[in-house]
Amino acid sequence: MEPDNSTLDPFLLNGTAEEESTEAPWDEATLLGLQISLSAALAVLTLATVLSNAFVITTIYMTRKLHTPANFLIGSLAVTDLLVSILVMPISILYTVSRTWTLGQIMCDIWLSSDITFCTASILHLCVIALDRYWAITDALEYTKRRTTRRASLMIAVVWVISISISIPPLFWRQAKAHEELPECMVNTDQISYTLYSTFGAFYVPTVLLVILYGRIYVAARSRILKSPAACGKRFTTAQLIQTSAGSSLCSLNSASNQEGNVHPMAGGHGGGLGGGGGGGGAGGSPLFANSVKVKLADSVLERKRLCAAREKKATKTLGIILGAFIVCWLPFFVGTLVMAICKECWFHPVLFDVFTWLGYLNSLINPIIYTIFNDEFKQAFQKLIKFKTCH
C-alpha cells in the first residue's frame, strides 16, 4: 500500500548512484531472466487475488442464505481487495520490475491515490467486521434488532470516508510538479506530518483497535464456551441462533421465565391432542407427560448449546487467524515506512521494501481464502457454486 509506497517508494525505485556502484553488475540475459521470473510470480499472485475475491463476491450474491448484514461487510471487504488486485497490483508489477516510472504524472497520482485508498479501506474493513462481531457477542439480543443492512452500509461508508481522507493530502503538494518528467512515483518523504497521519490512521490505530476487540471477543466467547451447559439447560427452553460477522452462529437463549407460558400450554393443550391420538384423552395433561416434554426440550437445548459453543470457538479462531495474517502482512511495511520518515540516516535495501510492499498486497489474497476455508457456510456455498458452474 502506498501511503507509503510514498514514504517507502525509494525502495521501489532505482536507488542512488552510490548504491548502484556497490552492487554486482548483472549481464543482460541474467537480468532479463530475473525480470521475467519476477513478473510471472507477481502476475500469478495478482490473478489469484482477483479470482479468490471474485468468487467470494459471486458466492454471497448467488447464495440467499448468505444475504445478511454480517456477510454484506465481508462482501464489501472482498470488493475492496478486488479493487486492489485490479487497479493497484498490475501497475505495481511494472514499477517493481522496471524500477522506474514511465506512465507520467497523472497516472502516478491516480495510482498512488488508489493504492492508499483501497489498501486503507481493506484494513479498516477488518475493523468494522471485528466491531460487528464484538457487538453480536456482547449484546446479542439487542444488537440483533439493530443489525441491519442500512447499519452495515453506514459502517462501510465511514470506512471509505476515512480512507479517502488519508489518500487526498499528497495530491495538493504534488500539483507544483504536474508538468515535470517523473523518473519515480512516490509521495514526498519530507512530509513527516503526513507520514505519521497516514500510517497511524491506516495501520497503527486500526491494529490497536483490532487487538482490543479481538481480546474482548476471545474473553466473551471463551466464557460462553466454558459455561456449564447442565446449569443452563434447566433454565432455558428455546434457542435463537444469531448469525455472526464471521459467518458462524452465536447461541442466544431465552430464559424459561419468558417461555414458561409456552411450555404448559404445550403440555396441556397440544399434549391433549397427542394423548387423544394415543388413546388417552387425559394423558396429555399428566405430570409424567409434562416432565417428558421438559426433558426433551432440555436435551434439545443442551445439544444446541454444544453446537453453538463449537461454532463460537471456530469463529473466534477464524477471527484470530485473520488478525494474525493482517499483522504479519502489514507490520513490516508500516514499521519500515515510519522508520524511513523519522530516521533520515536509516537505509533499507530497495528489494527488502519491495518484499514488504507485496507482503501487504498478499493480505488481499489471504482474506478471502480464510473465509472460504475456515467458514462452513461459505465453504458449502462455494462448493455448490462450483458444482453449478461445472454442470452448466
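Let's start with P368, which is found in helix α13. P368 is buried, with a relative accessible area of 3%. Here buried means under 20% relative accessible area, exposed means over 50%, and partly exposed is in between, using a 1.4 Å probe and protein chains only.

Before I go on, a word on what we're looking at. This is a predicted model, where local features need pLDDT of at least 70, side-chain atom pairs count only at pLDDT 80 or more, and totals for chains, interfaces and linings use all residues. Residues are numbered from 1 along each chain as its sequence is written, and side-chain values use heavy atoms, with hydrogens and water left out.

Okay, back to P368. Now, where does α13 bend? It bends by about 30° at L365, and P368 is the proline that follows within four residues. The bend at a residue is the angle between two axes, one fitted to the seven residues ending there and one to the seven starting there. α13 covers residues 350-374, so to speak of its length, it has 25 residues and reaches 36 Å from first C-alpha to last, close to the 36 Å expected at 1.5 Å a residue. That expected span is 1.5 Å times one less than the number of residues.

There's a kink in α4 as well. This one is about 40°, lies at V88, and comes shortly before the proline P90. α4 has 30 residues and reaches 43 Å end to end, counted between its first and last C-alpha, close to the 44 Å expected. Is α4 mostly covered or mostly open? Mostly covered, with 22 of its 30 residues buried.

As background, most residues other than glycine have a negative phi. R99 is partly exposed, with a relative accessible area of 22%.

Next comes α5. It has 35 residues and reaches 51 Å from its first C-alpha to its last, close to the 51 Å expected. Of those 35 residues, 28 are buried, so α5 is largely enclosed by the rest of the structure.

A disulfide is a covalent bond between the sulfur atoms of two cysteines, and the rule used here is a pair of cysteine sulfur atoms within 2.5 Å. By that rule the count comes to one disulfide. Which cysteines form it? C108 and C185, with their sulfur atoms 1.9 Å apart. The link is right-handed, with 95° about the S-S bond. C108 lies in α5 (104-138) and C185 in the loop between α8 (169-174) and α9 (192-226), so the pair ties together parts that are 77 residues apart in sequence. C108 is buried at 0% relative accessible area, and C185 is buried at 0% too. Two other cysteines to find on the screen: C119 counts as buried at 2%, and C329 is buried, also with 2%.

Now for the holes. A cavity is found on a 1 Å grid over the protein atoms alone, as a set of points where a 1.4 Å probe fits but cannot get out, and lining residues have an atom within 4 Å of a point. How many cavities of 30 Å³ or more are there? Three. α5, α9 and α12 (287-342) each supply at least two lining residues. The lining divides into nine nonpolar, no polar and no charged residues. For those words, Ala, Val, Leu, Ile, Met, Phe, Trp, Tyr, Cys and Pro count as nonpolar, Asp, Glu, Lys and Arg as charged, and the others, Gly among them, as polar.

Last stop, V328 in α12. Is V328 buried or exposed? Exposed, with a relative accessible area of 56%.

Key: On a 1 Å grid over the protein atoms alone, a cavity is a set of points where a 1.4 Å probe fits but cannot get out, and a pocket is an open set with protein on both sides within 12 Å along at least five of seven lines; lining residues have an atom within 4 Å of a point. Grid points are joined across faces, edges and corners, and a volume is the space filled by probe spheres set on the points.
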